Every structure is written in structure tokens, then in C-alpha cells.
Amino acid sequence: MITKLLVANRGEIARRVFATCRALGVATVAVHSDADADAPFVADADQAVRLPGNTPAETYLRIDAILDAARRSGADAVHPGYGFLAENAEFAAAVTDAGLTWIGPSAKAIAAMGDKMAAKALLADAGVPMLPTWTDPAEVTAFPVLVKAAAGGGGRGMRIVRDAAGLAEAVAGARREAAAAFGDGTVFIERYVERGRHVEVQIFGDTHGTVVALGVRDCSIQRRHQKIVEEAPGVLPDDVRAALHEAAVAAGRAVDYVGAGTVEFLLAPDGQVHFLEMNTRLQVEHPVTELTTGLDLVRLQLLVAEGEPLPVTTTPPADGHAIEVRLCAEDPAQGFRPATGTLHRFAIPGVAAEFGPARGLRLDSGVVDGSTVSVHYDSMLAKLIAWAPTRTEAARALAGALARAELHGVATNRDLLVRVLRSPEFAAVDVDTGFLDRHPEVFAPLLPAEQLPVAALAAALAGAAARRAAAPVLAGLPSGWRNVPSFPQVTRFTGPGDEELEVRYRLDRTGGLAEWSVSSSDATPAVTAVDATPDRVVLDVDGVRRAFRVHRAGSSVFVDGPDGAASLTELPRLPLPTAELAAGSLLAPLPGAVTRVHVEVGQRVAAGDLLLTLEAMKLEHPVLAPADGVVTELPVPAGGQVETGAVLAVVDPEEDPQ
């Protein structure tokens, strides 16, 4: 019997496992890097062991350090979570050899499915249809193709290549990214199917020979080959669903599978099913299966690891519909690059449960108010899942909760997720892995640009109310009252894209809004100030009353209104002089390491040329020339570490080559 469980992972999956352990009476142990010392998952555990360092290679990928943590804490079982070492056969074997209970399939099964090329050969012999696959780039005979990491998933290391010219660089880049994420840079190449749907079957096996399918999930909506919206049950014809169940169970039985696993398939537009891979672990998207089956999959993992038989031997019928979104720290203004910083507020209304079954809204989060999002790990903050009797109701409830959430301090992909869930194509199940490429309209922010001035006015009025509330004298005067009533108050902000907004407003003797304007707007709507406090402003805009929630953190001001959210920075009234950057300076968008420099000082480049590559949050970020010109500075060599805002290169568009 398991008495104390160590989770060899971090973030929301560690918290998820701890939640089930608490319900079962199992003591828990967290391991953590220095960057994660104050993270919520560490506080959730009964005990915690430090892994000195910050990067995955220094901490969560060290088998010796994790086994030592288990020994020191007295843990008798290890759960790998997902990512890091979850699909590492060497780790599974080392845990078992140390006399600990491994929560997962055998090392042999992990090795069989972890070698994705061998897995394809094994299942092809069993009659499962496969896509053409190559390991040697020189042998590729048809395009487009998809370069994939052999050792892991989550989109890490994936590259679409549409012609032979780009194949070598795609393979090299995929190898580097896979090595950084999984400690293994092996990749392979697979035929890419346009407009295919990514569907997968949750399977479970026990030590008594039972392997059962727990339903199909649809995970087609992806960005950068990473799933962002997942649902269960997948909307499929009955014969396709039955075929998927049968193929997935056959795959599990072929390797005597024990524990939770997922068999992934590509459903082509012609209805043909192609095996992709088998993930020998619990998936990120497992909550949608839990909510539609009523099963706690982590509980089943522990019971199976203790030798108990599965409580189900056939596929349970789906109850209702569940949709999950992955809420990530990403900056839409920067092409959805991973974002870092402090989460000043993380609040989602209407959550019925965290990390467990819920009829309604469920939140599985790795962060709380005040959490720091660092550069060392991936960008996912939380998963929000909605269950409802129908797919339409689940999508509407999930979109509504996301739209009303207060997510302050770090840019996120929230607006994109809401627009996807509300799109008519999603409602019609017109989805595939190229959904986002075909629908650029879903990348628009929720808050229309013409409504930003009103949000800025709300921020200015809340600031004035806050200053009045803190005033040590004359507190009875209306906010903003002055002896020269014709002279307006002025508050300046920067908004999206560093646009400057100068809000000018004048209050009457009763504190009402007499007039207002914003520098960025030619025409402003008729507005009446109904109420203004430091954290809530109610405005009547063209005859429609709107309430705005306002939250200030230092100079940052966050405004959440009925039509969307705005993140503003209040500028000082008397700004200090700052150093001027050289024209053509390219700045680091986030902390990271320069992995490669592709040009030299003095080299002439064209707009769009690759200058250098920055690695951060497990992804590579190309730095491109903004215009034709000459490279005049490269202050950071390959291997150099940089902080946000550091100068990476300077391209002088005026310099003329000699």
C-alpha cells in the first residue's frame, strides 16, 4: 500500500496529484527548483525537497537527485506527472530498482512506445494504418512533412516543412528544442496531412490483463503544434469512434500496458485514421475524460500501481460534454511569445471545484495571486474546464468565465481562447489542426480599439478616487476639484503596442464628469460618471451603463469591463530622463539565452533575415532584421544570457556598404 507519494514534477500537475492523495489519505512530497521554492505546488505538499538550480537539466531531469529526495523524505512511491521524465524508461526502471512503487506503465512499455519509430513498426504489423515516416532527411520523398521529437510531446520540437529547402534547418532546430525539453534530441519526419483532426483515446490497463478505452478526445485546435482547446467526447461517427477504441486497446495490449496512457491518431478529411503515437503517461487534457466518465484518473493510477483491478472493464458511456482550454502566459502583441512576470491577480469567477470532478466549472491551476512566471519552464498557467449537458452549453459557460476572469500582470492567450470558443466554426465542429491558420479573426483582442479610451477614462477616474481617499486633508472635497474649474486634469498611460493615451477630464462641483477627451481618439462617446471608487467605476456610455473593475499594482493599471480587459501603464507626470538607444536596436522580448548568432558585424542584411536565435521557456525565438541595413553591433555572443530589454543586435538602415 502506498503511504507517501513523491511527485517528480511541478506546477498544476503536481497540485492535481496532491489533491487526489489528500482525498485518499496518502502523504505527499514535492521536489522543487530554486525558482519554484515559493510556488503553490510546494505549499500544497506535506513535505518538500529542494533540487539546487533552476533549469530542468539541473533539477527536474536529474534522476539521481529525485531518487535521493525520495530516500530523504521517506517516500515509497513516485508519480512522474507529465513532461520532464514522465516517459523516460530509465527513470521508471531506476524508481523500481530503488524499491519504490512506480506510478505508471513498466519501463519496458515506456521504452517500446517511447521509441516512436519502433512503436509505429510494432503497430503497423498489427494492421494499424500509418503515415509515411522517415528518420533520414535525405530519404524524404514527398512534402509537406512534419518534423517531430521522438522523446516527448506537447509540440516541443515540431516543425512543418513544405519543401526540401527548409528541411535541414527544421531538423536542426527541432533537435535543439527537443534536447532542451526532454534531454533527448532525436527526431523523425512524418508525412503532414492538411486539415486533419487530432483525436486520441484514453486507455487504462491493470496488472490483471484488462485494457479499456475510456473514450475519445478531440484536440484539433492547436497553435505551434501545441493543443490549446480539448474536448470529450470527440464529435465523431459511431463507426469511427468504435474503430479508434479498438485500435487503442490493441496498442495497449501489444505492450501489456498498465496504468494511464493515450493513443493519438490523425483523422484525415477522407475519414482515414492514422496512428501518430502513444503517450505512456497521464495527459494534460485528462480532466475532460474525468468529467465525462466520473472517474478520478489519478486515483485509478494509484490503485492500479497497488495491484488492484480496474473498476471498469468496458468503455463507460459519456455523460454530458466537457471542454478544456490551456491558459498560457503569452503576449499576443509579440506574436504570442511566452511572457514572464508577476501575476498580481489570478481570479476566475464561478469555479465549482479545483483539481477534481465538478458539474460546472473546474480549475486546475499552477499559479495564484502573486505567483512569478519565470523563464525556466513552459508557459502554461492553468487549465479551465467546463462540463455541461451539451457541447454548446459547455462552450458558452467556458467562454463566459474566461471573459470575466481577472488576469493581471502577465499577458495571456485568454482573448484568443474566448474567440475560438465563440466562433461559429467551433460551434459547427468545423475544426482541424489548421483551424487557427484559416481564422486569423480569432486573434483580435476582445476589447475593440474604439473602446480603449473609455477604459482609460475609467482608470483615470479610479486613480483620482484613490488619491482622494488617501488625502490627509480636505477629504470632503470632490475628487479633482480645483479653483480653476476650466482647467482639466491630465493622466497619461501607455496601452497596447506602447500607444500613449492622454486622458483629459474635468469634474463639476458635485464630482460629476463635465467633459473628457483622449488624445488617441478623434471622437469620444457621451459619458456620465455614475460612480467612481479606487477599484470600481460605473459609467453611462451613450445611454448604456457599464461597470469597470480597476486594479492597480504600482504603475500598472488593469481595467476589466463588460467588453474586454485593458492593461495600462500610468506614466509619471514628471518623467526622469532615460538613456537613448541607438537607432535599429533589437531588444530581447524576454529573458533567455542566445543559442546561435547567424550574422557578423558589418554584414548587410535584408528585412526578415535571421540574425540570431534566442531560447526561452523551452522554445526557440528567431530574431529577424526589421529592415534592410548593416549589422553594426552584436553585443551578446552565442551562449550569452540576457534579460528582458537587453540589446541583442543593432541594424543601421542608413549605413551604406563600401
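Two strands pair if DSSP finds at least two bridges between them. Helices (H or I, at least four residues) and strands (E, at least two) are themselves DSSP runs, numbered from the N terminus. With those two ideas in hand, let us walk through this structure.

The model is predicted, so local features need pLDDT of at least 70 and side-chain atom pairs count only at pLDDT 80 or more, while totals for chains, interfaces and linings use all residues. Residues are numbered from 1 along each chain as its sequence is written, and side-chain values use heavy atoms, with hydrogens and water left out.

## Strands and hairpins

Start with an open sheet of four strands, in the order E33-E40-E38-E35 and with antiparallel pairing. Strand E33 (585-587) and strand E35 (604-605) stand at the edges with a single partner strand each, so one side of each has no neighbour in the sheet. E35 runs antiparallel to strand E38 (residues 629-633), and two bridges join them. In E38, Gly629 is the bridge partner of Val605.

Next comes strand E26 (residues 500-507). Its covered face holds Leu501, Val503, Tyr505 and Leu507, and its uncovered face holds Glu500, Glu502, Arg504 and Arg506. E26 pairs with strand E25 (residues 489-494) in the antiparallel sense, and Thr494 has Glu500 as its bridge partner. The hairpin of E25 and E26 has five residues between the strands, and Gly497 in the turn has a positive phi of about 70°. E26 also runs antiparallel to strand E27 (residues 513-518); there, Leu507 has Leu513 as its bridge partner.

Strand E31 (residues 556-561) is mostly covered, with five of its six residues buried. Buried means under 20% relative accessible area, exposed means over 50%, and partly exposed lies in between (1.4 Å probe, protein chains only). E31 pairs in the antiparallel sense with strand E30 (residues 544-553) and with strand E32 (residues 564-570). Two residues separate E30 from E31 in their hairpin, where Gly554 takes a positive phi near 65°. A hairpin through two residues also joins E31 to E32.

| Strand pair | Bridges |
|---|---|
| E25 and E26 | six bridges |
| E26 and E27 | five bridges |
| E30 and E31 | five bridges |
| E31 and E32 | six bridges |
| E35 and E38 | two bridges |

## Helices

Two packed helices are described by the angle between their axes and the distance between the axes. Here, axes are lines fitted to C-alpha atoms, for helices over the stretch in contact, and angles run from 0 to 180 degrees between N-to-C directions. The axes of helix H4 (residues 89-97) and helix H5 (residues 107-114) come within 8 Å and cross at roughly 175°. H4 and H5 are therefore roughly antiparallel to each other (under 35 degrees counts as roughly parallel, over 145 as roughly antiparallel, 65 to 115 as roughly perpendicular and the rest as oblique).

Which residues of H4 and H5 meet? Ala89, Ala92 and Ala93 in H4 are in contact (heavy atoms within 4.5 Å) with Ala107, Ile110 and Ala111 in H5. The residues of this contact divide into six nonpolar, no polar and no charged. In this scheme Ala, Val, Leu, Ile, Met, Phe, Trp, Tyr, Cys and Pro count as nonpolar, Asp, Glu, Lys and Arg as charged, and the others, Gly among them, as polar.

Helix H12 (residues 414-422) is mostly covered: seven of its nine residues are buried. Among them are Leu416, Leu417 and Val418.

## Inside and outside

A nonpolar core is a set of buried Ala, Val, Leu, Ile, Met, Phe, Trp, Tyr and Cys residues joined through side-chain atoms within 4.5 Å. The largest has 57 residues, and Leu5, Leu6, Val78, Phe91 and Phe204 have the most contacts inside it. Apart from it lies another core of 41 residues, including Ala339 and Leu343.

Ala260 sits in strand E13 (residues 259-267). Is Ala260 buried or exposed? Ala260 is buried, with a relative accessible area of 1%. Its C-alpha atom is separated by 7.6 Å from that of Pro105, 155 residues apart along the chain.

By contrast, Asp256 is exposed, with a relative accessible area of 63%. Asp256 lies in the loop between H8 and E13, and its phi is near 50°, a positive value in a residue other than glycine.
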